[in-house]
Amino acid sequence: MVIILTVDGELAAVLVPIRDADMETVSLNLNPNFIAMLQESRARLKTEGGISIEQLKQELSELL
């Protein structure tokens, strides 16, 4: 079920059911700063590449 709210005939809000998500997930997915950070990270991964899980484990073990 979807509920559409209008004010004076103009769209004001839409309520949709959320399944398999918690408050933090929903909050992050609606946060423009978080979405921008994800987009920037994905773009940088495409241009600069990433590191293997083995490299990550090595770098983390050096910090501990």
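A residue is called buried when its relative accessible area is under 20%, exposed when that area is over 50%, and partly exposed in between, with a 1.4 Å probe and protein chains only. This is a predicted model, in which local features need pLDDT of at least 70 and side-chain atom pairs count only at pLDDT 80 or more, while totals for chains, interfaces and linings use all residues. Residues are numbered from 1 along each chain as its sequence is written, and side-chain values use heavy atoms, with hydrogens and water left out.

The chain contains two strands and three helices, which follow one another along the sequence as β-β-α-α-α. The chain is more spread out than a compact globule, because its radius of gyration is 20 Å, well over the 11 Å that the globule rule gives for 64 residues. That radius is taken over C-alpha atoms, and the rule is 2.2 Å times the number of residues to the power 0.38. Helices (H or I, at least four residues) and strands (E, at least two) are DSSP runs, numbered from the N terminus. Along the principal axes, the C-alpha trace spans about 60 × 25 × 20 Å.

How much of the chain is buried? Of its 64 residues, 0% count as buried.

The strands come next. Ile-4 lies in strand E1, residues 3-7, and counts as exposed at 56% relative accessibility. Ile-4 also belongs to a nonpolar surface patch of about 590 Å², made together with Val-2, Leu-11, Val-14, Val-16 and Ile-18. Patches are made of residues with over 30% relative accessible area and no salt bridge, with nonpolar side chains (Val, Leu, Ile, Met, Phe, Trp, Tyr) joined within 5 Å and like charges within 9 Å. A salt bridge here is a side-chain nitrogen of Lys or Arg within 4 Å of a carboxyl oxygen of Asp or Glu.

Between E1 and strand E2 (10-15) there is a loop that holds Asp-8. The phi of Asp-8 is near 55 degrees, a positive value in a residue other than glycine, and Asp-8 is exposed at 78% relative accessibility. Within E2 sits Ala-13, which is partly exposed at 29%.

The loop from E2 to helix H1 (23-29) includes Asp-20. Asp-20 is not a glycine, yet it has a positive phi of about 55 degrees; its relative accessible area of 85% makes it exposed. Ala-21 lies in the loop between E2 and H1 and is partly exposed at 37%.

Further along, Ser-52 lies in the loop between helix H2 (32-48) and helix H3 (53-63). Ser-52 is partly exposed, with a relative accessible area of 30%.

C-alpha distances show how these parts are spaced. Ala-21 and Gly-50, 29 residues apart along the chain, are separated by 28 Å. For Ala-13 and Gly-50, 37 residues apart in sequence, the distance is 39 Å. Ser-52 and Gly-9 are 43 residues apart in sequence and 53 Å apart in space.

Note on methods: Accessible areas come from the Shrake-Rupley method with a 1.4 Å probe; for residues, only the protein chains shown count as cover.
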